Amino acid sequence: MDDRPRIETRAVGHGEDPGATLRGDVVSPIHLASTFALPELDTDLSLEEVDPAEGQFLYSRLNNPTRHALEQRLASLEGGDHGFAFASGTSAIATAVLASVEPGDHVVAFDDLYAGTRRLLETMVRDRLGVDVSFVDATDPDNVADAVRPETTLLWVETPTNPLLRLCDIEAVADIAHDAGARLGVDNTFLSPYFQTPLDLGADVVAHSTTKYLNGHSDSVGGALVTDDESFADDVAFLQQVGLGNVLSPFDSYLVLRGTKTLAPRMRDHEANALAIAEYLESHDAVDAVHYPGLESHPQHDLAREQTAGYGGILSFELDGGLADAKRFLEALEEFALAVSVGGVESLAELPAAMTHEPIPKAEREAQGITDSLVRVSVGIEHVDDLVADLDRGFAAMRGQSVSQ
Ligand code: PLP
């Protein structure tokens with residue numbers, strides 16, 4: 001067993017050091033300065049020697065005290081040595097990919113990825129950088145092994161996936177990557193480090209859209225990478241600070257620092273509500289299928305039990321009907337906002353076929369199982385009885401019944 005303080009403790013305090021300021025601030029101040037005055041002109045000073053851990057800062061794109069505190073916090077939560085905070089989850093993922101490939105290389109990716117990541121891999125990496133990308137069903141590690149080639153340098157997965165909540169075995173895929181001399185990246189946005197820590201399972205880099213659970217309040221867009229691979233960390237630092245200049249602002253860094261403090265209790269509430277709703281939906285006659293790894297009926301429930309400390313707050317379900325029924329259902333909801341995104345304290349519902357996954361051609365979407373009546377919900381931390389009553393309201397509207405309050 002490791003001797004780290006538990007995640008609840010790290011989430012509240014790690015990265016913020018009251019001794020770092022003269023007044024002993026117990027929360028990190030928002031440092032807005034874009035540049036920092038030097039005590040003297042040191043002609044031998046190199047950028048590498050400016051050490052944020054020693055309270056030294058030069059220019060806020062390179063490093064900033066509030067962002068530095070957040071980066072330390074994120075590294076601590078994921079159990080890695082190096083954390084980086086970006087302006088979005090997308091830019092974090094793009095940076096991880098750019099730090100791992102060059103023209104002629106090959107990437108193997110899960111075929112069930114966030115639609116934006118898939119487009120990034122197709123349009124930027126494959127079409128513009130000349131890096132071939134194979135999308136495979138990574139629920140079976142043999143498919144990943146079969147797709148690996150001598151020139152493969154990166155494997156990229158999400159688990160569970162969006163919106164079908166399919167899993168991949170991180171340890172097995174990490175072994176495949178390392179046998180091939182490649183790196184494994186895991187987008188851990190859906191479970192957060194409270195429920196899953198991919199670096200402990202052999203992954204080399206973890207990515208997040210901090211926009212989701214890490215911030216948790218739907219009021220900041222940001223992203224993160226955490227790694228314990230030194231040479232990768234050097235490449236990421238160069239890209240983040242010099243090559244691309246893609247950093248999270250001090251104010252957003254403060255918001256995410258604040259959000260992470262309540263990560264543990266929020267995740268517990270998200271999960272308890274999601275499990276209750278998944279069970280309610282599973283027994284509803286207007287629902288054909290429920291996708292949630294916490295249900296025993298989920299085909300990879302055993303893997304979820306082994307690999308994760310919990311099942312998270314996101315699920316999807318298939319309505320017994322078509323697009324028009326799904327529209328009536330979604331528009332009748334009052335507690336679930338009809339909105340994309342996940343991971344905030346408020347409940348959200350959306351129709352992937354018309355919203356998040358609309359850019360994927362219909363035939364391809366349907367082959368993956370994303371039908372016109374598949375609804376995805378991000379279950380919030382409201383009282384679960386009110387959420388169930390709201391879903392009842394949706395089902396009544398879908399069936400053209402009068403909606404009772
Ligand atoms: N990864 C996952 C799993 C996501 O759901 C999202 C956004 O929805 C992203 C990455 C992209 O993050 P952002 O919107 O912060 O760029």
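Biologist: How many nonpolar, polar and charged residues does the shell around the ligand have?

Modeller: Ala, Val, Leu, Ile, Met, Phe, Trp, Tyr, Cys and Pro count as nonpolar, Asp, Glu, Lys and Arg as charged, and the others, Gly among them, as polar. Here the shell divides into 3 nonpolar, 8 polar and 3 charged residues. This is a predicted model, in which local features need pLDDT of at least 70 and side-chain atom pairs pLDDT 80 or more, while totals for chains, interfaces and linings use all residues. Residues are numbered from 1 along each chain as its sequence is written, and side-chain values use heavy atoms, without hydrogens and water.

Biologist: Which residues come nearest to the ligand?

Modeller: A residue is near a molecule if one of its heavy atoms lies within 4 Å of it. Of the 14 residues around the ligand, the nearest are Thr90, Asp187, Ser209, Thr211 and Lys212.

Biologist: Where do polar side-chain atoms of Asp187, Thr211 and Lys212 lie?

Modeller: A polar contact is a pair of N or O atoms within 3.5 Å. A polar side-chain atom of Asp187 lies 2.7 Å from a ligand nitrogen atom. For ligand oxygen atoms, the distance is 2.8 Å from such an atom of Thr211 and 2.9 Å from one of Lys212.

Biologist: Which helix supplies the largest share of the shell?

Modeller: Helices are DSSP runs (H or I, at least four residues), numbered from the N terminus. Helix H3 (residues 89-98) gives the largest share of the shell around the ligand, 3 residues.

Terms used:
Polar contact = N/O pair within 3.5 Å; in protein donor to acceptor, adjacent residues only side chain to side chain. Helix = DSSP H or I, 4+ residues; strand = E, 2+ residues; numbered from the N terminus.
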